[in-house]
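Biologist: I'm new to this one. Can you put it up and walk me through it?

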Amino acid sequence: MSGLRKGLTSYGDSGFSLFLRKAFIKAMGYSDDALDRPIIGITNTGSDYNPCHGNSPDLIEAAKRGVMLAGGLPMVFPTISIGESFAHPTSMFLRNLMAMDTEEMIRAQPMDAVIVIGGCDKTLPAQLMGAISTNLPTIVVPTGPMVVGHHKGEVLGACTDCRRLWSMHRAGQIDAAEIETISSRLAPSVGTCMVMGTASTMACMIEALGFSLPMSATIPAVHAERRRIAEASGRRIVDLAKSGAPRPRDLITPAALRNALTVLQAIGGSTNGIIHLTAMAGRAGARIDLDTVDAIGRSVPVLVDLKPSGDHYMEHFHHAGGIPRLLRELSLHLDLAAPTVGGRTIGEIAEAAEIVPGQTVIRGADKPLKSSGALAVLHGNLCPRGAVIKQSAASPHLLNHTGPALVFENVEDMAARIDSDDLDVTPDTVLVLRNTGPIGAPGMPEAGYLPIPRKLARAGVKDMVRISDARMSGTAFGTIVLHIAPESAAGGPLALVRTGDPIRLDVAARTLDLLIDDAEWQRRAADHAARPQRQPPPRGYARLFETTVLQADEGCDFDFLRGEGPCA
């Protein structure tokens, strides 16, 4: 079935169901000619709370225009919108809800194919999680990054410079009046963060997976080219609606997943990219192995010179040739036969990439920004199922470090004590934050970027080893170990750490260990197991989340939403 005949409402009479559907949709002024065309659903994720999606009305109109130029009928429908800085308790808490909303709205309404428009961190993975589950032909149109800001002759990028400048304010180097002025200049336009944060990371990975047309990831949100790519996506999706292919599960193959991980490492991407790609793959019955992530990182260098790992911004990446140019530089590491929604293979896109003379944002393999990939995976007695560090944005002198732990029980405990002048802390201390994972927080907030204690910040300390079962923004930087699995609230060994315990981080050896003897370990484990068990919330989405959410190494999806079988 296709068009209006798809997924008829159940009245016990299919003929009547179709008659009633056509009768009511004609109230919107549609003709029979329009209603007989391929129907293309277009998601509307606009919200007054979401400046990352502030250009979505323009993109929707451009996509509709493209659909109609190709002879299709566009139908716009709303879904949840998640804005990172407005979502309580954290946007990650709502990602799976948005994925369910997207999936069910695609499934419930008649459409032959769908365009999903999104940008802010959890939106794109949520939309693709839903699209992969429905397996309807899908094209992704990212909202795109902001243009850069300026302050006192300095180029600014949200939110890497947000964190740097706020740290200077906490240290007393920027006063209240200036930090207020800066807040008006960090985000000068609608769109996602213009550094290689999670939003840009996901857009780049999704283009590498083949779900977007070439250059879709990097075009600035306010450029006319962003509207043109939306129009082109509208034209192309009609072809996919007519042919029925490729479908999402045709694109989520082992080779494509490796391509996406290769791009993740090469762009200096967000640690969140691992969690989201794992969740997306899981909807197709595939699995992302953390050892594979690490192995790719050992062989693939960072080639894109963007903050927080480098110096430039997304618009510079775009003008240097974007993802197609990067694919060309990575061709020896990629499966070039992987298909895309545009009809060309990854290899054909790479071959056709623009060569921009003199650009330095996309490096060649002979002159990488970093000799190894952005992300490393750690194992050890503190993280038996793995942990992640963004080594490309860490301080080299801290990548092999042993120091005493200073433990914060949760975010509230950290907030209450971190700025105390009486805090017993030195630059060698390892800051430990627990009970901030998927269950413990709940929702695994971006609290892993623990601030430098104020008294050390005032003394000029800019980085310390910090470990947690939380996440951090892709815009953040520092020697920060994240995604410790299993989390402390799920019985993970992070719960056993006590202030003063020595902790050893050795990124070269890929290890993170608590240095206590076996007898003390066993005694603490038994003591912890005897404590009262955590009780889930009594009702609603919070209860669903806590009782079904998976750990970080499994993508933090709900256990009942994973697909089955191989994805080949």
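Biologist: Where does Pro442 lie?
Modeller: Pro442 is in the loop between β10 (430–433) and α18 (454–458). Helices (H or I, at least four residues) and strands (E, at least two) are DSSP runs, numbered from the N terminus. This is a predicted model, where local features need pLDDT of at least 70, side-chain atom pairs count only at pLDDT 80 or more, and totals for chains, interfaces and linings use all residues. Residues are numbered from 1 along each chain as its sequence is written, and side-chain values use heavy atoms, with hydrogens and water left out.

Biologist: What about the peptide bond from Ala441 to Pro442, cis or trans?
Modeller: The bond from Ala441 to Pro442 is cis, with omega near 0°. Ala485 and Pro486 are also joined by a cis peptide bond, with omega about -5°. Pro486 sits in the loop between β12 (480–482) and β13 (502–506).

Biologist: Which residue between β5 and β6 is in the loop there?
Modeller: Lys152, in the loop between β5 (149–151) and β6 (154–156). Lys152 is not a glycine, yet has a positive phi of about 50°. Most residues other than glycine have a negative phi, and most peptide bonds are trans.

Biologist: Is Lys152 buried or exposed?
Modeller: Exposed, with a relative accessible area of 67%. Buried means under 20% relative accessible area, exposed over 50%, and partly exposed in between (1.4 Å probe, protein chains only). Met215 has a positive phi too, near 80°, but Met215 counts as buried at 18% relative accessibility.

Biologist: Switching to cysteines. How many disulfides are there?
Modeller: A search of the whole structure finds 1 disulfide. A disulfide is a pair of cysteine sulfur atoms within 2.5 Å. Cys159 and Cys162 form the link, with their sulfur atoms 2.5 Å apart. The link is left-handed, with -125° about the S-S bond. Cys159 is partly exposed at 23% relative accessibility, and Cys162 is buried at 17%.

Biologist: Now helices. At what angle do α11 and α12 pack?
Modeller: Helix α11 (residues 254–266) and helix α12 (residues 272–283) pack at about 170°, with axes 11 Å apart. Axes are lines fitted to C-alpha atoms, for helices over the stretch in contact, and angles run from 0 to 180 degrees between N-to-C directions. The two helices are therefore roughly antiparallel, a label for angles over 145 degrees, with under 35 roughly parallel, 65 to 115 roughly perpendicular and the rest oblique.

Biologist: Which residues meet there?
Modeller: Leu257, Ala260, Leu261 and Leu264 in α11 meet Gly273, Ile274, Leu277 and Ala281 in α12.

Biologist: And what do the buried residues of α13 pack against?
Modeller: They pack against α11, α12 and β7 (375–378), where contact means heavy atoms within 4.5 Å. The buried residues of α13 (residues 290–299) are Leu290, Val293, Asp294, Ile296 and Gly297.

Biologist: Last one. What does Ser233 touch?
Modeller: Not counting residues up to four places away in sequence, Ser233 touches Ile115, Ile139, Val141 and Leu213. Ser233 lies in helix α9 (residues 224–243) and is buried, with a relative accessible area of 0%.
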